[in-house]
Structures are given as structure tokens and as C-alpha cells.
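Thanks for coming, everyone. Please look at the model on the screen while I talk you through some helix contacts and charged pairs.

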Amino acid sequence: MNGEDSFINNIWPIGGGKGGSGKTFLTGSLGLLLARQGLRTLLIDADLGAANLHTVIGVAHPGRSLSDFVNKKVETLEDAVTKTPVPNLYFISGAGDNLDMANLVHTQKMRLLRAISKLPYEHILLDLGAGTSFNTIDFFLISNTGIFITTPEPTSIENVYRLIRSVYLRKIRQVLREEAFRELLQEAVMRSNGSSAKNPEDLLRILKDCDPVQGGLLEESLRDFRFKLVLNQLRKQDNHQIGTLICRICEKHLGLRVHFLGNILHDDRVHDAVCRKVSFLEKYPYTQTATDLREFCHRFLTDREENPPVGPSIEKTKAEILMTANC
Ligand SMILES: Nc1ncnc2c1ncn2[C@@H]1O[C@H](COP(=O)(O)OP(=O)(O)OP(=O)(O)O)[C@@H](O)[C@H]1O
Ligand SMILES: [Mg+2]
């Protein structure tokens, strides 16, 4: 493994299908907990157009931002990094941007992904925007890792499942290239008597049937995914098993293993901390929610040791994303 690959392994996109599920809160909290353990951690606010991570981590006026790099106002992405008041915690802001992630042109996006993959930090957490846009999904594909977040509400669960499924389908498309992907879809339609069903697991089965070599390759790349799930804003009366159930559904219907990293209790004092622009973990360390966050961080680190991420080569990923750029 070369140096570049080892950095790719440390990138953790944090996404959820629905706005307001707690991506930014979780990114800030996990960043703080990792940094407190002496791990050099970089947070990137990739929710361009709606960036607000700086407020959660107490950086009032971030000097540089991601768009300075995209617009070539700074030479390297490292030049856009801001120090935070917390030792070991660094930050690239997305604030003040008139840039929208969804509107990044392909070359800008590739340059950004490539630059992120080279940054020398022990952990890089990316706070993503809500939804399943192509650019959001690219972050999951470049790192093969990701933390998905949902609340217990059915709408949020539906959206996070849709996001996981979109990442999975996009991976199939990326590995197969466009033409082969289209042929596979046609075959799937034929086998399902004309219905347009494209359950990713069915696609994989059909591919293994028609082309065992390609099917095996695809199965192998899907095995490289290291996806985690966290359930945020759980209330005492909610079913505490929802997270485990979602992971089971992903395994059953997508054939994809997603590791559940725990529940984080809803606490009105999160709102209070955000309004006061102070860290929830520092202001309310003795709450159940703070304990949940610490346990989540602990599981994140131990799970990472037990299942180390397998990063793709950036060159390979670049080529693969290029192939699917216009899909
Ligand atoms: N565990 C929690 N308990 C109570 N409130 C929470 C919790 N987590 C997040 N919140 C609150 O939920 C709201 C949304 O959180 P956050 O901004 O982190 O979500 P988001 O997923 O980043 O949203 P967006 O998609 O708009 O960027 C905020 O007001 C935050 O204070
Ligand atoms: Mg956010």
C-alpha cells in the first residue's frame, strides 16, 4: 500500500437521506472526541450551500474555505485548513460559499476528491448535505467507508435506506462500466417479466449467473465497504432496536453489511448548546446523550481496528467515477 492509499482509508463521509437528522452535530462531536484522544482530526464542511459546521465547533470566522481551493484562490487544500480552539482538531469550512456541491463541475470535483485523499490526518470527517445527489455519493465511493445517520422517524429511515441503496447501485454501475450496467439492467427486466425492478442483490445474482468473473469482482468490491449506522435523536419511548433492524434489512435486501454503532438519545440541551455556540459535550458531559456519543466514538474506533477500511486506489477511483460521470 502506498502513502496515498493509507490516507484514503481515513476518510469518513457522514451522510443521511434527510435534513436535520444530526449529521453536523455528529461530525462536530465525533471530531472533538477523537481530537481529545490525541488523534489528529480534520473536519470538512462539505455541505456547501448550507454550511454550518463552524458554528457547532465554535469557529466564528473561518478564514479560508473549501471554495477558495475549488476556485484556486489557495494553492493546496492544506492552505484552506483552519485551526480550532481544540488541540488536534482542524477544520475546512464550507461557509461563505456561493458554491453548491451539486453544481461542482466534474473536474472541480475530481480535483477536490483527490486533494482530500492526500491530506495527512489520522481521521477526516466529511459533513455532507442531505440527499442522494451524485456528488454526495462520490464521497462514499472514494473512501469505501461512511457513517449513515438517521432518526427513528419512518421518513428519515426511508431516506437513509434510499441513500445506502443509491451508493450500492452506483458502485455496481462504477465497477461494471456503463454499457455492461445497461445490459445487466436489460437482463434483469427480462428475467422479471418486464418489471423494472433493480434490487441490487438481484442484479448481483444475475451478474454472477451470466458472468461469474465480473460477478466475483463486483462481490469483492462490495465487500470492501465499511459502512456504519447511527441512530440519533432517539426518545425513551422509541424502539431501541430500530438501528439493528435497519442493518438487518440492508443485509437481507442489499446483501450489504452495515455495522450499527449505537443510539444517541434526544436531549433538548443540544439545541441550547447550539444556540449558545458552545460544545454540547463540554457543557453537558454528564448527560445520557454525551455518554451515548462517547460510546459511539469508542465503538467507531474499535470497529475500525477490527474491520480496517480497504481503500481503493485514488487513480482507479478517479477513472471509475469518470466512467459514470454522466450517468
Ligand atoms: N441528539 C440530539 N438531541 C436533540 N437535538 C438534536 C440531537 N442531534 C441533533 N439535534 C438537533 O437537530 C437539529 C439538526 O441537527 P444538525 O444540524 O446536526 O442536522 P443535519 O443533519 O446536519 O441537518 P442538515 O441536513 O440541515 O445539514 C439541530 O437543531 C440540532 O440541535
Ligand atoms: Mg448539517
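Let's start with a contact between two helices. Tyr-168, Lys-171, Ile-172, Val-175 and Leu-176 in H7 meet Gln-214, Leu-218, Ser-221 and Leu-222 in H10. Contact here means heavy atoms within 4.5 Å. By class, this contact of H7 with H10 has six nonpolar, two polar and one charged residues. The classes work like this: Ala, Val, Leu, Ile, Met, Phe, Trp, Tyr, Cys and Pro count as nonpolar, Asp, Glu, Lys and Arg as charged, and the others, Gly among them, as polar.

Now some ground rules. This is a predicted model, where local features need pLDDT of at least 70 and side-chain atom pairs count only at pLDDT 80 or more, while totals for chains, interfaces and linings use all residues. Residues are numbered from 1 along each chain as its sequence is written, chains are lettered from A and ligands numbered from 1 in the order in which they are written, and side-chain values use heavy atoms, with hydrogens and water left out.

What about the helix names? Helices (H or I, at least four residues) and strands (E, at least two) are DSSP runs, numbered from the N terminus. The chain comes to 15 helices and eight strands.

Back to our pair. Two packed helices are described by the angle between their axes and the distance between the axes. Helix H7 covers residues 154–176 and helix H10 covers residues 212–223. They pack at an angle of about 135 degrees, with axes 10 Å apart. Axes are lines fitted to C-alpha atoms, for helices over the stretch in contact, and angles run from 0 to 180 degrees between N-to-C directions. H7 and H10 are therefore oblique to each other. For the words: angles under 35 degrees count as roughly parallel, over 145 as roughly antiparallel, 65 to 115 as roughly perpendicular and the rest as oblique.

Next pair. At what angle do helix H8 and helix H9 pack? The angle between H8 (residues 178–191) and H9 (residues 200–210) is about 100 degrees, and their axes are 10 Å apart. That makes H8 roughly perpendicular to H9. On the H8 side, the contact uses Phe-181, Leu-184, Leu-185, Glu-187, Ala-188 and Arg-191. On the H9 side, Leu-203, Ile-206, Leu-207, Asp-209 and Cys-210 take part. This contact of H8 with H9 has eight nonpolar, no polar and three charged residues.

On to charges. Side chains of opposite charge can pair when their charged atoms come close. A salt bridge is a side-chain nitrogen of Lys or Arg within 4 Å of a carboxyl oxygen of Asp or Glu. How many salt bridges does a search of the whole structure find? It finds eight.

Take Asp-138 and Arg-170. Their side chains meet in a salt bridge at 2.8 Å, N to O. This pair links distant parts of the chain: Asp-138 is in helix H6 (residues 134–143), Arg-170 is in helix H7, and they are 32 residues apart. Buried or exposed? Asp-138 is buried, at 0% relative accessible area. Arg-170 counts as buried too, at 3%. Buried means under 20% relative accessible area, exposed over 50%, partly exposed in between (1.4 Å probe, protein chains only).

Glu-158 and Arg-162 meet in a salt bridge at 3.7 Å, N to O. They are four residues apart in helix H7, so about one helical turn separates them. Glu-158 is partly exposed at 48%, and Arg-162 is partly exposed at 43%.

Third example. Asp-303 forms a salt bridge with Lys-228, and the closest N and O atoms are 2.1 Å apart. Asp-303 lies in helix H14 (residues 288–306) and Lys-228 in strand E7, so the pair ties together parts that are 75 residues apart in sequence. Asp-303 is buried at 9%, and Lys-228 is buried at 1%.

Strand E7 has something else to show. Gln-233 sits in E7, which spans residues 226–234. Gln-233 has a positive phi of about 65 degrees although it is not a glycine. Gln-233 is partly exposed, at 25%. Lys-277, also not a glycine, has a positive phi of about 60 degrees. Lys-277 is in the loop between helix H12 (268–276) and helix H13 (280–283), and it is exposed at 55%.

Last, the whole chain. Buried residues make up 54% of its 327 residues.
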